[in-house]
Amino acid sequence: MAVEKKSGQAAGFAGLQQNFKKQFTDVFPDRLAEKTVVIIPSLTLDQEMLAAIKGHVYYEERMLCMLMLLRMPNTNVVYVSSMPVDPVIVDYYLHLLPGITGYHAKSRLTMLSCYDISAKSLIEKILERPRIIQRIKQHIKSPGAAHLACFNVSQLEKKLALQLGIPIYGCDPDLLHLGSKSGSRKIFRQCKIPVPHGYEFLKDTNDIVHSLIKLKKEKPSLKKAVIKFNEGFSGDGNAVFSYGNLNPGHSPESIIRSSLQHNLKPVAANLTAVTFLEKFSLCGGIVEEFLEGDIKTSPSVQYRVNPLGETEIISTHDQVLGGEGGQVFIGAYFPANNDYQKEIVMLGKKVAAKLAVKGVLGRFAIDFISVKEKNKWKNYAIEINLRKGGTTHPYLMMQFLTDGHYDADKGLYITACGNTRFYFASDNVYNEKYKGLTPYDLIDIAMQHSLMYDGATQKGVMFHLMGALSEHGKLGLVCIGSSHEDAFAYYKKVIEVLDAECT
């Protein structure tokens, strides 16, 4: 009976997604069509890993960039969050809308809150509150012209879609194994794309030890290896193992096994080597070489598969990484370096085509490590993220504000006015001194120092994660300029201003 129920749910969800094709064809292209977008910014990820991120509940605010959909005069938006979003923050986004008054936009916006700041994911909170689900339903005027927009899609988001009777513009969770660390390496191999030497589909500590031994045998000069959970994110599911000096009088297995815990450094601050290995045995993962290089970068390419199965290049970024061994996402430059952006676009196109055939839907990113060797870049594919990520909201924000597009052939972003624009974005602007600043304070400071985004010049700063500022001293920025240097200059100015204001 349980199997029949499950298969019935699967068929129901497949039906919703199949009907999404008609909506995409008939409704999406019409700017004046009446439609509803239900935004669920739940980080439905490992809660223990999320706990290592300061103010992670406020990361739900990153999808506030999608309030820019209200620039279409007959589009309704329902936005659900764990805690109420300060009206000052909502007003900040609405004032950026081109060609639409804040009053008109606000009449089509419904903000709902679970009033729950617990460690549970937002989607769990919603499913525990049938009255909130009913309120969402009341604001969906036509299920045939409505869809869910989520940060990532799990079985829980799928369950909500079935209860609401509307599709999700995102990957079916039954396909998420394709974007696991092991699944990614398998896809890359099928596409004949270079990957760091290593091993996937590992299950436990024994598999880790044996893989570390094989890596060292095959690459005797190797100093470090990276161990990754299949479902890690933002680098916090990674750990770096240092080989040190292996004593020739002992077997490599005994040395590596005995030194594993001591020489293993998890990236996540709240994980010890012991808990990391225990967690690995629950979720599995990979071991791969730590790529060395005097000149090394971390680019990524973003693609989308639409409901018709068509693939589209969205953007490229050069990621800024920090933490243990440079494994943690800090921020990104857009677009990526022209020296290798065409090649990663081409490699990404192969992956996108493969994923489209397998039924993947929505946005995803492919991360690389690029190493310059003898004046030539070699690009190694690292992972596929079948969800929105840290590069999604900055690009969406600039696209909504400038109505432009990324020209992959030129490696440039071109606005509707024909200008080229660049940005530097970060979710990790942090200083203890910033604690106590409210969103109102931040906006006031930005206006006093001419930091706000200017629609006339199409340059300036957009802020996000403002809700995290007062409690955690943390915020996010998207700094738009006429060059990478110009964009980063805005970032430096924001830091200088905030530091001076908070002394």
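This is a predicted model: local features need pLDDT of at least 70, side-chain atom pairs count only at pLDDT 80 or more; totals for chains, interfaces and linings use all residues.
The buried positions of H10 are Ile255, Ile256, Ser259, Leu260 and Asn263. Viewed down the axis of H10, these buried residues fall within an arc of 145°, so they line one face of the helix. This spacing can be set against the geometry of an α-helix, which has 3.6 residues a turn, so that residues three or four places apart point the same way. Helix H10 (residues 252–263) spans only 14 Å between its end C-alpha atoms, whereas a straight helix of 12 residues would span 16 Å at 1.5 Å a residue.

The largest nonpolar core contains 127 residues, and Leu212, Phe364 and Phe463 touch the most other members. Helix H12 (residues 341–357) contributes the largest share of this core, 7 residues. Another core, of 24 residues, lies apart from it and includes Phe13, Val80, Ile132 and Ile133. In soluble globular proteins, nonpolar side chains tend to be buried together.

A helix pair was also examined. The axes of helix H3 (residues 87–94) and helix H14 (residues 439–448) come within 8 Å and cross at roughly 40°. Val88, Ile89 and Tyr92 of H3 make the contact with Pro439, Tyr440 and Ile443 of H14. The residues of this contact comprise 6 nonpolar, no polar and no charged.

Definitions and conventions. Residues are numbered from 1 along each chain as its sequence is written. Side-chain values use heavy atoms; hydrogens and water are left out. Helices (H or I, at least four residues) and strands (E, at least two) are DSSP runs, numbered from the N terminus. The expected span of a helix is 1.5 Å times one less than its number of residues. Buried means under 20% relative accessible area, exposed over 50%, partly exposed in between (1.4 Å probe, protein chains only). The arc is that of the directions from the helix axis to the C-beta atoms. A nonpolar core is a set of buried Ala, Val, Leu, Ile, Met, Phe, Trp, Tyr and Cys residues joined through side-chain atoms within 4.5 Å. Axes are lines fitted to C-alpha atoms, for helices over the stretch in contact, and angles run from 0 to 180 degrees between N-to-C directions. Contact means heavy atoms within 4.5 Å. Ala, Val, Leu, Ile, Met, Phe, Trp, Tyr, Cys and Pro count as nonpolar, Asp, Glu, Lys and Arg as charged, and the others, Gly among them, as polar.
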